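Subject: Structure handover

Hi,

Here is the structure for your review. My notes on its helices follow.

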Amino acid sequence: MEDELLPVTALSHYFFCKRDPYYLYVVHIPEPITETMEAGKQVHDRDTFQAFLRKLEPKHFFRKPVLRSAELGISGVPDYVFITKHSEILPAEVKYSPQAGRSSLKSISQLVGYALILEYNYVYRGNELLESGDAKTKTVVKRCAVYNAYSKKVDTIEITQELKNRVLKALEELKSMIQSGEFPSVRQPWSKCANCWYRRYCYP
Ligand code: SF4
């Protein structure tokens, strides 16, 4: 069922700190919207589409498609899915962060999540992204694209099998943590905790 699917955004919370999704999905304490998040939203609303077009020269695109996979247990809405002239499928997002465009999991875990959903549950046929349901797909997603609102540049990033495996493992851990409700034991540098909104709960 749709409501039972975990949002893909849970992955970036997980790769930031395992306690982050605990606060969000186990004890339901959402972080208030910050100025950076608001700024990010405004950039999303502006037309960054031309930059993606210049970089990818796609033959087709989908703007904010709702993607889901019951098998993976996740759903989400990337900013775009592009289809190149060679029929390559790339999920793409606009990011408001100086680190955007790096291939670290903290920065691209959501895009790896979208890549996995596309591989598990979608085929591109007749100019449409179709859900395959229970049928296995032959879809392979090898890259994603990121528009960095700081540099105003689009980077393409390789999505290796290793990245996919790490995200699949993280998904399993996330689901089991949410199911058990166990408080994760973590060790994070103080420099990270000092800037984290959940510090008030970790260090009351
Ligand atoms: S304060 Fe530190 S340990 Fe707690 S959620 Fe934030 S980063 Fe993780």
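Buried means under 20% relative accessible area, exposed over 50%, and partly exposed in between (1.4 Å probe, protein chains only). This is a predicted model: local features need pLDDT of at least 70, side-chain atom pairs count only at pLDDT 80 or more, and totals for chains, interfaces and linings use all residues. Residues are numbered from 1 along each chain as its sequence is written, and side-chain values use heavy atoms, with hydrogens and water left out.

Helices (H or I, at least four residues) and strands (E, at least two) are DSSP runs, numbered from the N terminus.

Start with α4 (residues 49-56). Its buried residues are Phe49, Ala51, Phe52 and Leu56. Seen down the axis of α4, they fall within an arc of 160° (directions from the helix axis to the C-beta atoms), so they line one face of the helix. Their cover includes β2, β5, β6, β9 and β10. Just after α4, glutamate 57 has a positive phi of about 45°.

Next, α2 (residues 19-26) on α6 (residues 161-180). They pack at about 50°, axes 10 Å apart (lines fitted to C-alpha atoms over the stretch in contact; angles run from 0 to 180 degrees between N-to-C directions). That makes α2 oblique to α6 (under 35 degrees is roughly parallel, over 145 roughly antiparallel, 65 to 115 roughly perpendicular, the rest oblique). In α2, Pro21, Tyr22, Tyr25 and Val26 meet Leu174, Met177 and Ile178 of α6 (contact: heavy atoms within 4.5 Å).

Last, α1 (residues 9-16) packs on α2 at about 135°, with axes 6 Å apart. These two are therefore oblique to each other.

Best wishes
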